[in-house]
Amino acid sequence: MVVTQAFIRTTSTLLARAIMILLSSHRAKKKGGSWRNEMAFFVVGVLVLSLLSQLLTLNEFISQELTQDQANDTFIMKSNPLAMHATGEQTLQPVPNPNRTLAIIMGSLRGGEISWQTMASNVLDPSSADLAILIPEDDINAMNSSLYKRAKYKWTFKNYEDWGEAVDLINGTEWNGTGWRKLALEDYDNSASVFGGVEDYSGSGAIIFMIRWFLHNHIRENNLTEKYDHFMVTRSDHYYQCTHNISEFSVGNRNLWIPPGQDYKGRTDRHLIAGSDNVLDALDVFPTFMRSNWVRKKKRMNTEKLLSRVWEEKKMNVNYFDRVMFTTALPTDATRWTYAEDHVPGVPGLLLKYPVEYGMVQDVCPQIKGDDGKEEDIEE
């Protein structure tokens with residue numbers, strides 16, 4: 001460096017002069033010139049002080065250059081994470097921001113890899129979302145699925161023969177001084193799907209709401225409302241025909257987001273987006289139902305009506321988004337309710353459970369193209 005070279009030249013000159021003065025002083029001493037000796041030592045002292053000043057200046061300059069070099073290295077490493085120093089040392093890696101969105105799948109894994117891959121490409125990836133799954137403990141095929149392998153959180157629940165035993169876990173066998181089974185047996189006929197899964201009641205109401213209760217507990221026990229801002233609670237058998245970015249939804253002010261269709265005079269129970277401030281309340285359905293004073297006033301109630309009533313009581317702001325997914329099935333999928341019959345156009349081997357959902361998606365998303373590149377419709 002130019003400044004360092006100039007310093008070396010100056011220092012060398014000062015040292016040479018000091019040596020010459022000392023030699024001259026030595027010769028003068030032999031001739032008896034004491035005043036010359038004193039003068040010589042005075043000059044040498046000045047030169048030494050000047051030399052020390054130069055050394056201090058050099059030390060400050062070197063420190064500033066080292067600081068600048070470190071700043072330059074840091075900039076290079078941040079702008080090019082793959083850069084390496086000449087010494088072979090690894091550069092600093094930027095610290096990634098943690099995902100603040102959590103997608104949760106509940107229930108048995110259905111719909112197959114074709115559907116699951118659309119969730120990965122059109123939901124999880126665009127949302128930078130972590131994945132959690134809550135599945136039956138006897139779902140032995142789940143561990144081979146892409147969903148299971150991708151999931152950050154893996155929880156299971158017991159698959160009850162009588163889901164009334166699961167309901168007993170909430171508050172025992174009684175609510176408001178009365179056995180809840182007495183409420184169910186006397187006030188609801190067995191077509192009321194809200195108790196589906198309990199004894200001989202049809203449908204799956206008790207099952208889906210008890211799974212929500214299990215999920216509620218997992219979120220609370222793992223303190224997930226402190227780790228995530230957006231939550232999506234859904235099922236595994238949705239085919240996402242276009243992008244569904246969960247992180248873009250406004251979830252403040254107790255907002256809930258659901259897709260339109262299949263409401264059955266209530267709110268759909270198949271898909272939900274909530275925030276950290278209301279996801280636990282949104283999942284707290286059966287306990288609210290059992291504690292309420294209107295539990296005995298609804299002789300027949302489906303799951304959608306119950307969900308609507310509970311969310312209304314909890315003062316949720318329910319919003320709708322354009323539907324971008326439809327429910328699917330494989331020919332081998334088991335179900336307690338609707339069996340799929342129609343084939344999904346352009347997706348061989350995949351069945352369509354609810355054509356009305358499919359129709360709504362086609363108004364929003366680009367159509368699926370078959371193997372020949374042509375758009376296909378459901379056969380009439």
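Visitor: Which residues do ring pairs link into a cluster with Trp-163?
Guide: This is a predicted model. A search of the whole structure finds 16 aromatic pairs. Some of these ring pairs join up around Trp-163, and the other members of the cluster are Phe-157, Tyr-160, Trp-213 and Phe-214.

Visitor: Tyr-153 and Tyr-228 also form an aromatic pair; what is the angle between the planes?
Guide: A pair of aromatic rings is described by the distance of the centres and the angle of the planes. For Tyr-153 and Tyr-228 the centres are 6.3 Å apart. Planes over 60 degrees apart count as edge-to-face. This pair is edge-to-face, with an angle of 80°.

Visitor: How many residues apart are Tyr-153 and Tyr-228?
Guide: Both tyrosines are buried. Tyr-153 sits in strand β3 (residues 153-157), and Tyr-228 in the loop between α7 and β6. The pair links distant parts of the chain, and the separation is 75 residues.

Visitor: Is Arg-100 buried or partly exposed?
Guide: Buried means under 20% relative accessible area, and exposed over 50%. Arg-100 has 34%, so it counts as partly exposed.

Visitor: Which residues join Arg-254 and Asp-281 in one salt-bridge network?
Guide: The structure holds twelve salt bridges. In one, the side chains of Arg-254 and Asp-281 meet at 3.0 Å, N to O. Arg-254 is in the loop between β7 (238-240) and β8, and Asp-281 is in helix α8, 27 residues apart. Salt bridges that share partners extend the network to Asp-284, Arg-291 and Lys-314.

Visitor: Are Arg-323 and Glu-357 buried or exposed?
Guide: These two form a salt bridge, with the closest N and O atoms 3.7 Å apart. Arg-323 lies in the loop between β10 and β11 (325-329) and Glu-357 in helix α11 (residues 355-362), so the bridge ties together parts 34 residues apart in sequence. Both residues are buried.

Visitor: Why do the buried residues of α10 lie on the same side of the helix?
Guide: In helix α10 (residues 303-313), the buried residues are Thr-303, Glu-304, Leu-306, Leu-307, Val-310 and Trp-311. They share a side because they cover an arc around the axis of only 160°.

Visitor: Which elements do the buried residues of α10 pack against?
Guide: The partners include both helices and strands. The helices are α7 (205-221), α8 (279-283) and α9 (286-291). The strands are β8 (255-258), β9 (271-275) and β10 (317-320).

Visitor: Which residue caps the N-terminal end of α10?
Guide: The cap uses a side-chain oxygen. That oxygen lies 3.3 Å from the backbone nitrogen of Glu-304. The capping residue is Asn-302.

Visitor: What is the phi of Tyr-264?
Guide: Tyr-264 is in the loop between β8 and β9. It is partly exposed, with a relative accessible area of 44%. Tyr-264 is not a glycine, but its phi is positive, at about 50°.

Visitor: With which side chain does the side chain of Arg-235 make a polar contact?
Guide: Arg-235 is in the loop between β6 and β7. Leaving aside neighbours within four places in sequence, its contacts are Ile-105, Met-106, Arg-270, Thr-327 and Lys-353. The polar contact spans 2.7 Å, and the partner is Asp-237.

Visitor: Over the face of which residue does Arg-270 lie?
Guide: Arg-270 is one of the contacts of Arg-235. It is placed 3.9 Å from a ring centre, and the ring belongs to Tyr-354.

Key: Residues numbered from 1 in each chain as written. Predicted model: local features only at pLDDT ≥ 70, side-chain atom pairs only at ≥ 80, totals over all residues. Heavy atoms only, no water. Buried < 20%, exposed > 50% of the residue type's maximum accessible area, 1.4 Å probe, protein only. Helix = DSSP H or I, 4+ residues; strand = E, 2+ residues; numbered from the N terminus. Arc of directions from axis to C-beta. Contact = heavy atoms within 4.5 Å. Polar contact = N/O pair within 3.5 Å; in protein donor to acceptor, adjacent residues only side chain to side chain. Salt bridge = Lys/Arg side-chain N within 4 Å of Asp/Glu carboxyl O. Phe/Tyr/Trp six-rings, centres within 6.5 Å; stacked < 30°, edge-to-face > 60°. Lys NZ or Arg CZ within 6 Å of the ring centre and 35° of its normal.
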